[in-house]
Amino acid sequence: MTTQKTNTEKSTEAFISTLYREAARIPPNEYRVWALEQLSRVIDFDAAFWGSGNSADIHFHYVCHVGLDEDYACQLQQTLPINPIKDAVINNLGKPVNMQDVIADNDFYQSQLYQQLFQPYGIERILAAGHFDQNNGLYSLLSLYRFDRAQIFTEHERQLQERLVFHLVNAASHAFFLHLHAGNILHHKAHAASAICDINGCFHEVQPRFVTLLNEYFPNRTGVTLPFAIGKDNSTTHINNLTVSFKAQGELMIVTLRLPGPLDLLSQRETQIVEWVCKGLTFKEVARQLDVAPSTVSNHLYRIYDKIGINSRSELAQLVDSQR
């Protein structure tokens, strides 16, 4: 027994390590399915569902699964009102719920829930865990399924899932932002933070500092969505003394918050001049772009130096690079 526990502990530690170590290698859109496949080496199951959504309505806006089809998420959503397992999970967030502890087998296998949702998929045993982040309002459901009614989930397996749900959710978020950083889609400076939102401002993934900035600069915000409207793709604006940038990522939007820097003091034309100068254009070339005299460009540039407190092109290039 001691040897078995030791081996289980080793495989569990290896699983946790693999989740984070391989985050940079697995494409973000494949990471959750890959993570569930790795989990099956620690806890035996035949199928699994992983959904994330907004706690306001427990609506799953991001789902993945193994051993199930594309209709399962919709069927699960539709049967939530008659699903006592859902209520048990919500009332015991962070602690996995074994189906047989919620409803007796005889009642379960004769229920409308079983006949409508689980029986068509051959699901006979369920171990479900919920995870909720109070800061960003993201709710995750991780359900493991077995097709053999005689193969009951054990208390040890329940404890394992309880330990691993946090790492699965955290590693998935880590992997997502890691790839965005690697693709230079996000700001790399420590003072910037991002969230992935839908068009309604509901969070899909959120960096902790993003929530910190929201709480600091929007102290009266309520709910679990953005306290401002989603902007246009590749746009930047200033809200409540924060610089807010928007960049489309498929159907979602990357929203980045940062503290304003010196370059945010510049007008639109001054910003354009800075970009051209830092790309190596001469005064004459910039003047041609703006249809003005080269001396006008030179005067603009020196006013820019004075406004942001620098003295040379090299300092300007360093400042642009740091703010990017």
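1. The loop between α9 (208-217) and β8 (235-239) contains N234. This is a predicted model, and in it N234 has a positive phi of about 60 degrees although the residue is not a glycine. N234 counts as exposed because its relative accessibility is 56%, the cut-off for that class being over 50%.

2. A second residue of this kind is N240, which lies in the loop between β8 and β9 (242-249). The phi of N240 is near 50 degrees, again a positive value in a residue other than glycine. With a relative accessibility of 40%, N240 counts as partly exposed. As background to both points, most residues other than glycine have a negative phi.

3. Helix α10 spans residues 268-278 and helix α11 spans residues 283-290; their axes are 10 Å apart and the packing angle is about 140 degrees. The pair is therefore classed as oblique, since angles count as roughly antiparallel when over 145 degrees. The crossing of α10 and α11 is right-handed.

4. Which residues in α10 and α11 meet? On the α10 side they are R269, I273, W276 and V277, and on the α11 side they are V286, Q289 and L290. Sorted by class, this contact has five nonpolar residues, one polar residue and one charged residue.

5. Helix α10 also packs on helix α12, which covers residues 294-308. The axes of α10 and α12 come within 10 Å and cross at roughly 100 degrees. The two helices are therefore roughly perpendicular, as that class takes in angles of 65 to 115 degrees.

6. In the contact of α10 with α12, the residues from α10 are R269, E270, I273, V274 and V277. Their counterparts in α12 are V297, H300, L301, I304 and K307. By class, the contact has six nonpolar, one polar and three charged residues. R269, I273 and V277 of α10 are named in the contact with α11 and also in the contact with α12.

7. The remaining pair is α11 and α12, with axes that come within 8 Å and cross at roughly 100 degrees. Because of that angle, α11 and α12 are roughly perpendicular to each other.

8. How many disulfides does a search of the whole structure find? The search finds zero. C64 is in no disulfide, as the nearest cysteine sulfur, that of C74, is 17 Å away. C74 is likewise in no disulfide, with the sulfur of C64 as its nearest cysteine sulfur at 17 Å. A disulfide would require the two sulfur atoms to be within 2.5 Å.

9. C74, at 42% relative accessibility, counts as partly exposed.

Definitions and conventions
Residues are numbered from 1 along each chain as its sequence is written. This is a predicted model: local features need pLDDT of at least 70, side-chain atom pairs count only at pLDDT 80 or more; totals for chains, interfaces and linings use all residues. Side-chain values use heavy atoms; hydrogens and water are left out. Buried means under 20% relative accessible area, exposed over 50%, partly exposed in between (1.4 Å probe, protein chains only). Axes are lines fitted to C-alpha atoms, for helices over the stretch in contact, and angles run from 0 to 180 degrees between N-to-C directions. Helices (H or I, at least four residues) and strands (E, at least two) are DSSP runs, numbered from the N terminus. Angles under 35 degrees count as roughly parallel, over 145 as roughly antiparallel, 65 to 115 as roughly perpendicular and the rest as oblique. A crossing is left-handed if the near helix is turned anticlockwise from the far one by less than a right angle, and right-handed if clockwise. Contact means heavy atoms within 4.5 Å. Ala, Val, Leu, Ile, Met, Phe, Trp, Tyr, Cys and Pro count as nonpolar, Asp, Glu, Lys and Arg as charged, and the others, Gly among them, as polar.
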